[in-house]
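Colleague: I have a model open on my screen and would like to learn how to read it. Could you walk me through a few features?

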Amino acid sequence: MSCWDIIADYGLRSIGIGERLLPRNEFTLCHQFTLIGSGMIWNIYFGVLALLSGFFFATLLALGKMSTNPIFRRSAEWTIFIFRGSPLFIQFFFAYFLFLSLKQSFPIFSPFTSAWIGALVVLFLNTSAYTGEIFYGALQSIPKGDIEAADAYGLTGMKRFRRITWPTMLRLAWPAYTNEAIFLFHATTLVFFSGFPTTRQRGDALYYANYFADKTFNPFVPYPILAGYFIVLTLIVIGLYGLVNKRLNRHLPTSDRGKIKLRMNIIR
Amino acid sequence: MGFYWSFLTVLLLLGITAPCALGFGFLGAMAARSKFFVFSLFGHAYIAIVRGVPEIAFFMFFVIALDQFLEWSRHKILCPDWSEPIRQGNDFVVCQAAKLPLSSAPQWIHESYGFTLAVFTFAIVFGAFSANVLFGAMRAVPYAQQETAYAYGMTSSQVFWRITVPQMWVYALPGLGNLWMVLIKATPLLFLLGVEDIVYWARELGGSKTARFTDYPHPDWRMWYFLALLVFYLMFTRVSEVVLDRLMKRLTHGQATAAGEAQRRAEA
Amino acid sequence: MKSIVLGTTALVLSATFAMAAGHSVVRMGTEGAYPPYNFIDDNGEVAGFERELGDELCARAELKCEWVTNEWDSIIPNLLSGNYDTIIAGMSVTAERMEVIDFSEQYTLPDASAYATLSGFSGDLSGAVVAAQSSTIQASYIASSGATLLEFATPEETIAAVRSGEADAVLADKAYLEPIVVESSDMSFSGDDVYIGGGIGMGFRKSDAELREKFSAAIQEMKADGTLNVLIGEWLPTSGQF
């Protein structure tokens with residue numbers, strides 16, 4: 001069986017397309033690369049969706065924390081504190097229990113005990129809290145002059161926010177936000193590992209790496225493969241965020257355009 | 001009892017790992033800054049690879065690899081006359097004298113050895129993160145300061161130790177503070193490294209017990225044990241935040257340079 | 001001076017060989033989370049069927065034994081790597097495992113695996129959602145059957161999944177499920193027992209034939225004089241006797 005056949009059989013195994021059974025006796029490098037790569041689909045799915053949705057909620061949280069209204073401020077502060085202050089591992093555990101009990105009284109929650117949505121909700125809240133804190137820090141350090149200039153031009157309210165405050169906040173927050181994105185992708189490996197059950201052996205990259213380590217009793221092949229995939233993914237994330245960073249900073253004179261410095265600010 | 005001890009284990013791990021990681025980070029950052037190409041490549045590779053890989057994937061194989069490496073080196077030194085191969089199929093066989101710790105050693109030595117390996121592994125991972133932070137911090141020290149030092153006739157190592165290192169801490173502290181927070185939240189992964197930590201005991205004690213095997217049968221109580229963990233982590237985070245805040249105020253006090261002030265704002 | 005150094009080296013070497021020949025302490029690796037085979041008792045010690053069996057075997061083989069717990073997932077790699085010398089953790093003898101490690105004489109007959117469900121369950125198990133612990137023989141059995149496999153990291157969670165309705169049934173060793181089913185009013189056995197693995201044996205590194213032989217001999221001795229059956233009767237009432 002050539003490697004192409006294996007890719008055709010197992011390339012989409014993690015989402016249930018292809019062979020029904022996982023390989024039983026053959027654990028060639030090609031099998032391992034294909035299946036672990038197939039599992040990456042889930043890691044990317046969780047990462048991308050949580051980042052996209054978390055981005056907007058994070059803006060709300062940051063604004064809430066800046067707000068003068070104590071109700072908004074308190075609730076934003078607590079959301080950020082709880083999700084930043086506790087291990088993701090424990091958040092998954094509680095979320096699973098919570099969804100289980102919600103499910104019993106409200107049937108609408110029944111899909112939430114499976115990872116594809118339940119874990120996504122946890123990751124979404126988690127990344128929102130971390131990103132919210134980053135955005136909050138950025139909002140605080142927006143140069144006073146920018147806001148005053150906007151006032152002088154008669155920009156107020158929503159318009160000022162959209163044209164001045166928000167873009168500046170993004171520009172300032174972007175390096176730290178890049179880090180957050182990297183670590184969110186790493187955090188997706190915890191979904192099936194500790195939080196949610198795996199159905200029909202459709203798991204993420206770590207699940208398959210674990211499967212091979214278990215079958216071959218040799219951890220030194222599958223986990224480095226997994227590590228390799230993640231290094232590539234990290235490089236892609238850095239590249240994409242670098243492009244956005246360039247666009248955000250395009251109005252600045254070249255010498256002031258900070259190259260995206262991957263200084264670690266806020267990570268999980 | 002083990003449950004209460006495990007809290008101490010976690011605190012001890014944090015207490016030892018943090019300075020070790022800082023040490024690794026310092027070496028890594030120095031290597032990355034080095035003008036000698038090989039060192040610099042090594043430093044950058046260390047930072048990039050370890051940061052690019054999810055911690056779990058790293059933990060899954062690194063401890064066994066490290067253990068085998070140590071035993072292998074001891075084997076080469078202690079048993080030069082050994083003729084059998086070390087790798088016999090899947091087995092990893094070294095002479096008894098090279099075993100770490102010796103199989104005749106009492107259990108507490110085995111446990112502390114496991115703990116040491118865990119500390120070392122954590123320190124390697126978080127060393128890469130802190131290398132990244134320190135690397136950024138060293139670059140953030142205003143270049144004019146170093147130029148001035150050179151003008152006074154200092155050698156480059158004098159400049160590094162007397163000018164750059166003392167000044168970099170204020171730039172590094174926000175990043176290191178976050179790293180500390182992350183380290184706290186990474187401790188639930190300790191049980192992966194074979195240390196009986198709080199998560200291990202919470203699962204063990206919280207799991208339902210049937211009356212046949214214990215005098216204190218109870219249903220599934222993991223929820224309550226995990227709740228205790230949650231509270232522990234939240235409190236610990238809060239205390240750390242307060243301490244770091246104070247420390248930051250102390251360090252910035254007197255560092256009244258405009259650049260330092262701006263940097264502090266940007267990172268806060 | 002030189003001769004003294006040489007002398008000490010020779011002494012160290014001979015001591016080394018003496019130790020290499022036999023294990024001074026045999027480290028017994030177990031999971032500690034699978035009653036009645038092995039679990040942690042109220043004093044935080046390893047206890048259960050395998051604890052008593054293991055201690056008896058060590059006494060008979062005149063070995064000094066020490067108990068170590070390890071996560072199920074990495075129990076074989078850690079044996080291979082030499083962190084302990086034998087696995088005694090309710091591990092069924094399978095062809096897959098035989099490729100990597102050697103097993104002693106089996107100390108239980110092939111143990112039945114059973115389905116436990118909520119008491120009112122009356123569906124068809126072959127199309128149901130069945131929970132099992134990851135990387136167990138039960139998990140691969142369900143994966144290749146028509147049922148939907150739901151994998152959890154610990155046996156505890158598989159039971160919780162049935163109680164919460166996440167899974168219709170759980171498939172596990174009958175000896176593990178039996179006390180749970182007996183004591184809880186809401187769960188019962190369903191369907192027929194299935195025989196998946198071989199009996200349970202102790203696992204050894206392939207390079208450690210000597211130690212394996214010692215334990216196999218002790219197990220045979222216990223089978224012959226009936227003490228093993230007494231232990232099985234006490235701890236594993238649902239299992240067959242030799």
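Predicted model: local features only at pLDDT ≥ 70, side-chain atom pairs only at ≥ 80, totals over all residues.

Colleague: Which secondary structure elements does chain B have, and in what pattern?

Modeller: Chain B has 9 helices and 2 strands. Following the sequence, the pattern reads α-α-α-β-β-α-α-α-α-α-α.

Colleague: How does the radius of gyration of chain B stand against that of a compact globule?

Modeller: Chain B comes to 23 Å, whereas a compact globule of 268 residues would be near 18 Å. Along the principal axes, the C-alpha atoms of chain B fill a box of roughly 75 × 55 × 30 Å. As for burial, 53% of the 268 residues of chain B count as buried.

Colleague: Now to the aromatic rings. How many aromatic pairs are there over all chains?

Modeller: A search of the whole structure gives 51. Take A:Y177 and A:Y241: the ring planes stand at 70° with the centres 5.6 Å apart, so this pair is edge-to-face. Planes over 60 degrees apart count as edge-to-face.

Colleague: Why does that pair tie together separate parts of chain A?

Modeller: Because A:Y177 belongs to helix α7 (residues 157-187) and A:Y241 to helix α10 (residues 222-248), the pair links parts that are 64 residues apart in sequence.

Colleague: What does a stacked pair look like here?

Modeller: Look at B:F232 and B:F236, with 20° between the planes and 5.9 Å centre to centre. These two residues are 4 apart in helix α8 (residues 222-252) of chain B, so about one helical turn separates them. B:F232 is buried, at 16% relative accessibility.

Colleague: Where do charged groups sit over rings?

Modeller: One case is A:K65, whose charged end sits over the ring of A:Y136, 4.6 Å from the centre. Another is C:K174, which lies over the face of C:F189 at 5.2 Å from the ring centre.

Colleague: One last stop: which residues does C:A160 touch?

Modeller: Leaving aside residues up to four places away in sequence, C:A160 touches B:D220 and B:R222. C:A160 lies in helix α6 (residues 155-163) of chain C and is partly exposed at 22% relative accessibility.

Note on methods: Residues numbered from 1 in each chain as written. Chains lettered and ligands numbered in written order. Heavy atoms only, no water. Phe/Tyr/Trp six-rings, centres within 6.5 Å; stacked < 30°, edge-to-face > 60°. Buried < 20%, exposed > 50% of the residue type's maximum accessible area, 1.4 Å probe, protein only. Lys NZ or Arg CZ within 6 Å of the ring centre and 35° of its normal. Contact = heavy atoms within 4.5 Å. Rg over C-alpha atoms; globule rule 2.2 N^0.38 Å.
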